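Thanks for coming. Please keep the sequence and the model open while I talk.

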Amino acid sequence: MESKTILDYETVALNDEKDAIIIIDQTKLPYDLEMLTLKRQKEIWTAIYLLQVRGAPAIGVTAGFGLYLAAKEIETEDSEEFLKQLLKAKEYLATARPTAVNLFWALDRVFKAANDNKDKKTKEIVEAIYKEAVKIRDEDIWVCKQIGEFGLSLVKPGDGLLTHCNAGQLATVKYGTATAPMYLGHERGYNFHIFADETRPLLQGARLTAYELQEAGMDVTLICDNMSGMVMKNGWVNAVFVGCDRVAANGDTANKIGTSVVATIAKRYNVPFYVCAPTSTIDLATKSGSDIEIEERPSEEVTEMWYKERMAPSGVKVFNPAFDVTDNDLITGIITEYGIARAPYTESLKEIMEKK
């Protein structure tokens, strides 16, 4: 009997009968493939905050299911009181992480489904919430596949590709965003040579991307973050695909810390740099990257996590932003499920959203 791989499990799944969300605990990978059962709102909040579930799309799906479970717990037949308690649950889950716009997008979308049905019985409101949460999940699979198709049109068989952090299946429901062209290309015999940045300090590239691509049977090489310049200079990389947590109206993008460095190096060596961004991450209300709130994480992630012993002097100051902003002039194209946006992004992103 063949043992299951990471690809045999859904990153985020709803067990409606048991009033639970089932997730892969990504903090335990690649050592242990452990499934977590989340029932209470505090457990869901903590899973998002501690990166047990991570990646903008996966966070959005989790938040949608989380608000549905919160709705099932509300004990009132008064729709006004129901919405009041649901709003409280929504606001609580929204505090888990500040940068990924998918978190707020999913919560707003599920709450709107409730509000649009406020004149109905609470049981019917809960059913409307359920349908919207499941719709968000199902759409995620379609979105990633579309991004993969558009991304695949930009490369050719045998190309070398580089990615940073994890915008793979583990960050979504299936295919991933930045890895979607890789998965589709693998299915079609493209034989890509993929380089995965380790992505300090949480090592999402080493623990997650290298792991899932290897499990899928792809040719993947792990490199340290400071090696990307060398592999590009050597001509081993034909394109860079990265994910995204938020796209500003001017095309600036927020993604895992270090992404802007990769983009800068790619421009130096004339390597196309593509951001794979579901339209759910496009925030036209945010004018530029300077308006995006950047989450700062605990210093222990840099000085202690992943080490048997502390690897930095006790008391040393640590700067640990979770994300950085890649300026739009470094981006060759922003790949969405409705097409590829190119400069000037203030115009092309509007056109993409109009298509949506």
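Leu162 has Val240 in E7 as its bridge partner. This is a predicted model, so please hear everything that follows as computed from it. The bridge partners belong to strand E4, residues 160-163, and E7, which run parallel and are joined by 2 bridges. Val240 also has a partner in E10, namely Phe273. There the pairing of E7 with strand E10, residues 273-276, is again in the parallel sense, over 3 bridges.

Which way do the side chains of E7 point? Ala239 and Phe241 point one way, Val240 and Val242 point the other way, and all are buried. As a reminder, side chains in a regular strand alternate between the two faces of the sheet.

Leading up to E12 is a loop, and Pro321 sits in it, between helix H10, residues 300-303, and E12. Pro321 has a relative accessible area of 12%, so it is buried. What does Pro321 touch, apart from its neighbours within four places in sequence? Its contacts are Ile257, Ile294, Glu295 and Glu296. For a sense of scale, the C-alpha atoms of Pro321 and Leu33 are separated by 28 Å, and the two residues are 288 apart along the chain.

On to the helices. H2 is mostly covered, with 16 of its 18 residues buried.

Helix H4, residues 101-115, has 15 residues and reaches 21 Å from its first C-alpha to its last, close to the 21 Å expected. Its buried residues include Val101, Leu103, Leu107, Val110 and Phe111, and also Asn102 and Arg109. What covers the buried residues of H4? The cover includes H1, helix H2 (56-73), helix H3 (79-93) and helix H5 (122-152), along with strands E8 (246-248) and E11 (282-283).

Next, the aromatic rings. How many aromatic pairs does the structure hold? The count is 7. Trp45 and Tyr49 make a stacked pair, 5.3 Å centre to centre with 15° between the planes. Both lie in helix H1, residues 41-49, and since they are 4 residues apart they are separated by about one helical turn. Trp45 counts as buried, at 16% relative accessibility, whereas Tyr49 counts as partly exposed, at 29%.

A second stacked pair is Phe195 with Trp236, at 6.2 Å centre to centre and 10° between the planes. Why does this pair tie together separate parts of the chain? Phe195 lies in strand E5, residues 193-197, and Trp236 in the loop between helix H8 (228-233) and strand E7 (239-242), so the parts it ties together are 41 residues apart in sequence. Phe195 counts as buried, at 10% relative accessibility, and Trp236 is partly exposed, at 47%.

Back to Tyr49: ring pairs link it with Trp45 and Tyr92 into a cluster. The ring of Tyr49 also has the charged end of Arg297 over it, 5.1 Å from its centre. Elsewhere, Lys256 lies over the face of Phe323, at 4.6 Å from the ring centre.

Last, the cysteines. A disulfide is a covalent bond between the sulfur atoms of two cysteines. How many disulfides are there here? The count comes to 0, taking sulfur atoms within 2.5 Å as a disulfide. Cys144 is in no disulfide, as the nearest cysteine sulfur, that of Cys276, is 9.5 Å away. Cys144 is buried, with a relative accessible area of 0%. For Cys165, the closest cysteine sulfur is in Cys244, 12 Å away, which is too far for a bond. Cys165 counts as buried too, at 5% relative accessibility.

That is the end of my part.

How values were computed
Residues numbered from 1 in each chain as written. Predicted model: local features only at pLDDT ≥ 70, side-chain atom pairs only at ≥ 80, totals over all residues. Heavy atoms only, no water. Phe/Tyr/Trp six-rings, centres within 6.5 Å; stacked < 30°, edge-to-face > 60°. Buried < 20%, exposed > 50% of the residue type's maximum accessible area, 1.4 Å probe, protein only. Lys NZ or Arg CZ within 6 Å of the ring centre and 35° of its normal. Expected span 1.5 Å × (residues − 1). Contact = heavy atoms within 4.5 Å. Pairing = 2+ DSSP bridges.
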